[in-house]
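Thank you all for making the time. I would like to walk you through one structure, and I will go slowly for anyone who has not seen it before.

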Amino acid sequence: ETTSSSSSSRDRSNTVEMMRSGPAGFDKAPVSKAVMLLTLGASLLTSVLRATGAVWLEVWPGMAQRYQFWRLLTSQFAFTSPGEMVLGLVLLYAFRLFERQLGSGKFAASLACFAGVSTTLQIVSLLIFKGVVSHASPGPYAFIFALFVFFFRDVPKSTRFRVLGLPLSDKTFVYLVGLQMTLASQPHSLLSAVCGLIAGVLYRSLPALRRVRFPTWCRDFCSTRLGPWLESSRRRRRGGYAQVAQQPAGVDLNDNQNPQRLVDHDPAGPQQLLPGAGPAGLGAAPGLVGAHPTEQEQLAAIMQHQRAAMLAQQQQQQQQQRANGTANPAVPVQLDEDKVRSLMSMGFNEHAVRQALTLSQNNLERATNILLDSR
């Protein structure tokens with residue numbers, strides 16, 4: 001029982017570390033960045049134009065009598081008060097980690113599902129409670145409160161403490177921000193928040209919603225036209241995925257006899273990091289040219305770069321050991337199964353997880369970055 005409890009504790013600790021690791025800012029989160037910019041711009045424009053009553057979701061008389069169907073769009077982004085805007089932007093920034101977990105394409109599709117389901121529920125509720133609630137509070141309530149379901153289910157508590165005898169955790173502060181948003185403009189904000197939560201629960205429960213994706217032409221358009229404007233400064237500095245990392249001098253990545261070769265249990269190289277992705281051997285990396293690399297080519301370039309860096313570092317260490325007369329034979333990396341399970345629990349392929357942990361020498365944070373870079 002003690003061993004089982006200790007293993008469970010380590011597993012949860014590794015999950016916390018993985019969920020909170022990764023680059024800061026909006027690296028690997030262009031959709032979150034776009035949503036925040038739209039929210040900020042729409043909210044400021046609404047305030048400047050004093051058009052508060054023109055953006056909220058109103059069935060009667062807004063859409064039913066005056067045919068103001070543009071409210072379906074404006075109600076998704078524009079907050080009507082500075083307090084709600086600040087709280088909403090804080091939560092959107094905190095929840096960008098789910099885009100890194102799901103991938104930008106799937107994350108964008110999930111936001112569309114949240115908005116569609118939540119808006120439908122709001123319209124039905126406004127029709128049922130006509131005369132009690134005239135409109136629903138505008139703003140990305142659907143996105144935020146649907147992601148609260150993910151936050152509740154997927155992010156474990158890492159720190160527990162008591163205040164005045166009440167058991168609290170590090171997640172409590174996030175819930176308090178959400179509660180403040182819910183109570184910001186009763187009962188309108190409550191309606192928007194509850195519909196967003198229901199949308200998140202339905203998305204997690206119905207496989208048909210989770211399979212929704214934008215068409216390929218739409219993803220390609222957004223990637224080529226909007227991607228350069230939304231990519232982080234970190235990715236711009238390193239040249240994006242279209243530029244393959246150079247192989248360090250003196251390192252032969254294809255030398256199967258090299259005792260420093262880190263990944264020797266699968267001659268074909270890494271197969272995939274994303275469910276459903278096809279094989280992507282390391283040999284595919286040299287063909288990574290052009291402005292539209294595939295996921296397999298991205299993976300090949302990233303894994304080649306990480307492996308080359310590790311091999312170069314090992315060669316340098318071994319040369320120093322030979323010079324000092326303390327050289328030791330290479331020891332295979334023993335993977336930590338707890339860390340393997342933690343990474344797999346986030347939906348990564350087992351083979352890719354083991355490749356990443358091998359390349360990172362069992363360093364969970366570096367392995368997470370390798371997996372996230374494949375998104």
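Predicted model: local features only at pLDDT ≥ 70, side-chain atom pairs only at ≥ 80, totals over all residues.

The side chain of Glu58 meets that of Arg71 in a salt bridge, with N and O 3.7 Å apart. Glu58 is placed in the loop between helix H2 (30-49) and helix H3 (59-63), while Arg71 belongs to helix H4 (residues 71-74), so this pair ties together parts that are 13 residues apart in sequence. Is Arg71 buried or exposed? Arg71 is buried, because its relative accessible area is 4%.

In sequence Arg50 and Thr80 are 30 residues apart, yet in space their C-alpha atoms are 9.1 Å apart.

Let me return to the salt bridges, of which the count comes to 4 in this model. One of them joins the side chains of Arg354 and Glu337, at 3.1 Å from N to O. This pair links distant parts of the chain, with Arg354 in helix H16 (residues 350-359) and Glu337 in helix H15 (residues 337-344), 17 residues apart. Arg354 counts as partly exposed, at 23% relative accessibility, and Glu337 is partly exposed as well, with a relative accessible area of 36%.

Which other residue forms a salt bridge with Arg354? That residue is Glu350, and the closest N and O atoms of the pair are 3.1 Å apart. Glu350 and Arg354 are both in helix H16, and because they are 4 residues apart there, about one helical turn separates them. Glu350 is partly exposed, at 37% relative accessibility. Through salt bridges that share partners, Glu337, Glu350 and Arg354 are joined into one network.

Now to the cysteines, where the question is how many disulfides a search of the whole structure finds. The search finds 0. For those who want the background, a disulfide is a covalent bond between the sulfur atoms of two cysteines. Cys218 is buried, with a relative accessible area of 19%, whereas Cys222, at 32% relative accessibility, counts as partly exposed.

Finally, I would like to turn to the surface. Here a nonpolar patch is formed by Leu190, Val194, Ile198, Leu202 and Leu206, which together have about 350 Å² of accessible area. Of these residues, let me pick out Leu206, and ask where it is placed. Leu206 is in the loop between helix H10 (188-205) and helix H11 (207-210). With a relative accessibility of 40%, Leu206 counts as partly exposed.

Key:
Residues numbered from 1 in each chain as written. Heavy atoms only, no water. Patch = residues over 30% accessible without salt bridge, like charges linked within 9 Å, V, L, I, M, F, W, Y side chains within 5 Å. Areas by Shrake-Rupley, 256 points an atom, 1.4 Å probe, with all protein chains shown as cover. Helix = DSSP H or I, 4+ residues; strand = E, 2+ residues; numbered from the N terminus. Buried < 20%, exposed > 50% of the residue type's maximum accessible area, 1.4 Å probe, protein only. Disulfide = S-S within 2.5 Å.
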